[in-house]
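Colleague: I have a model on my screen and I want to learn to read it. Can you take me through a few features?

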Amino acid sequence: MKIAVFGMGYVGVVTAACFADDGHDVVGVEPAAAKVEMLNAGCSPLVEEHVGSLVQRGVAAGRLRAVTDGRADLRDADLAIICVGTPSAADGTVDLRFVRRVCEEIGAAVRERSEPIRLVFRSTMPPGSMRGIVLPTLIASCGAPAGRHFRAVFHPEFLREGSSVSDFREPSKIVVGADDEGDARATLALYPPTYAAPRITCSLEVAEMVKYADNVFHAVKITFANEIGLFCRAHAIDGHEVMRICCADTKLNLSPAYLAPGFAFGGSCLPKDLRALLAEATRASIELPMLEGVLPSNRRHLERVLELVAARNPRAVGLYGLAFKAGTDDLRDSPFVELAERLLAVGRRLVLHDRGVHASRLMGRNKSFIDSRLPQLSRMLAEDDAALSACDLVILCHRPPESLVQRWTSQGVALLDLTGALREVDGDAWGSLR
Ligand SMILES: NC(=O)c1ccc[n+]([C@@H]2O[C@H](COP(=O)([O-])OP(=O)(O)OC[C@H]3O[C@@H](n4cnc5c(N)ncnc54)[C@H](O)[C@@H]3O)[C@@H](O)[C@H]2O)c1
């Protein structure tokens, strides 16, 4: 395959060198003449393990070269891979000027093509950039709709500097976002079966967002480990051993558990233990800014639901589920009890239903908690879920059976889903009112 790679930075050089090594005919397009000269002399313009030898081999074999002007190569290339920089602007937003410019150059260069060129965008861009900037710029520059002279996909790059060649060869995953499944599959086909990794196709926006979710997750993981390490050091505990044991748990810790967007956490352990750790840290004069931000962030999710309810202004609100976990009657620190409290405080009429919660059977600390927080519970708690049909809005705190959702939908009851259950039924998104 004849491939043009735009942008000879870290991502572009590694991509060009690896695809040349796979047997493709690769040209690197780069405005910096010094980088082009180095590449054509068989030298890597960047210091990175294995890249030097790959570049040397590719150039010697005649499969890798570089140019400052890619127009001639775009006439007959099968594929162009765009790896230009997307640096931060002074205000933290992403400067997309290089992306815009490369789209203008490519669009103008492909307007004479009878066969569309495949354009694979690898530069990291905020979600919506492909649809809002890349595609319109290409269309304006080539003077024809997408599909005539080009077909574009977004294919985020996950390699890490320092191990970029092995990350390219053994990727953690291969993700392609496209409007057309055929375009996504054609991009995946760039990687023969030796690239053993999960192959995922999705929308342009999801692919763009995955890159940010990944990098932010890595940043959060590092900060978490550092804050736990700081706390441990102040208490003469081996933080490395603590984190090693944490990471040995692949059921609850390093797993998809607790990693689906949803509602605020609560219950008798998470808020209590977080508060305890923060109080101990304060006593030891340690600042843990990320962990200190967790409870305020958690609270924000509750506020958001209150705002959504206020915007709808229903006469009566139903809560399907009240205990902090479905199938239990543990109401202590349940975020849904707090939600009920806050709704009552602003004068909403409430109907509550939870299959596991029966006012007459509550006892011990569970009963004293609810007596202090929601003394009117027994008046609002309905034994039968049919009572919720009288509400004009039902908040799904627990997952309802599909038959109940259908019943409410047919009765015109609006549903606010905090569980993700509706998303699985009909693709509705979290938090939407319908
Ligand atoms: N560096 C990484 O580890 C890494 C990993 C994954 C994703 N990314 C993302 O990939 C993109 C590229 O990153 P990088 O570190 O390789 O960037 P970089 O800044 O090192 O290199 C970008 C190159 O693009 C060139 N360029 C600019 N305009 C051009 C044009 N019109 N035509 C051709 N070349 C042009 C620049 O001269 C530069 O050499 C960024 O969006 C980055 O966020 C980087």
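Predicted model: local features only at pLDDT ≥ 70, side-chain atom pairs only at ≥ 80, totals over all residues.

Colleague: Which strand does strand 5 pair with, and how many bridges join them?

Modeller: Look for the bridges. Strand 5 (residues 117–121) is joined to strand 6 by five bridges, and the two run parallel. Ile117 stands opposite Phe150 in strand 6.

Colleague: Is strand 6 mostly covered or mostly open?

Modeller: Mostly covered. Of the five residues in strand 6 (residues 150–154), four are buried. In a regular strand, side chains alternate between the two faces of the sheet.

Colleague: What about strand 9 and strand 10?

Modeller: Strand 9 (residues 316–320) runs parallel to strand 10, with five bridges between them. Tyr320 stands opposite His353 in strand 10. Strand 10 (residues 349–353) is mostly covered, with four of its five residues buried.

Colleague: Now a single residue. Why does Val102 count as buried?

Modeller: Compare its accessibility with the cut-off. Buried means under 20% relative accessible area. Val102 has 3% relative accessibility, so Val102 counts as buried.

Colleague: Where is Val102, and which residues does Val102 touch?

Modeller: Val102 lies in helix 5 (residues 97–109). Leaving aside residues up to four places away in sequence, Val102 touches Phe6, Ile82 and Val84. The C-alpha atoms of Val102 and Pro335 are 49 Å apart, and 233 residues separate the two along the chain.

Technical notes. Residues numbered from 1 in each chain as written. Heavy atoms only, no water. Buried < 20%, exposed > 50% of the residue type's maximum accessible area, 1.4 Å probe, protein only. Pairing = 2+ DSSP bridges. Contact = heavy atoms within 4.5 Å.
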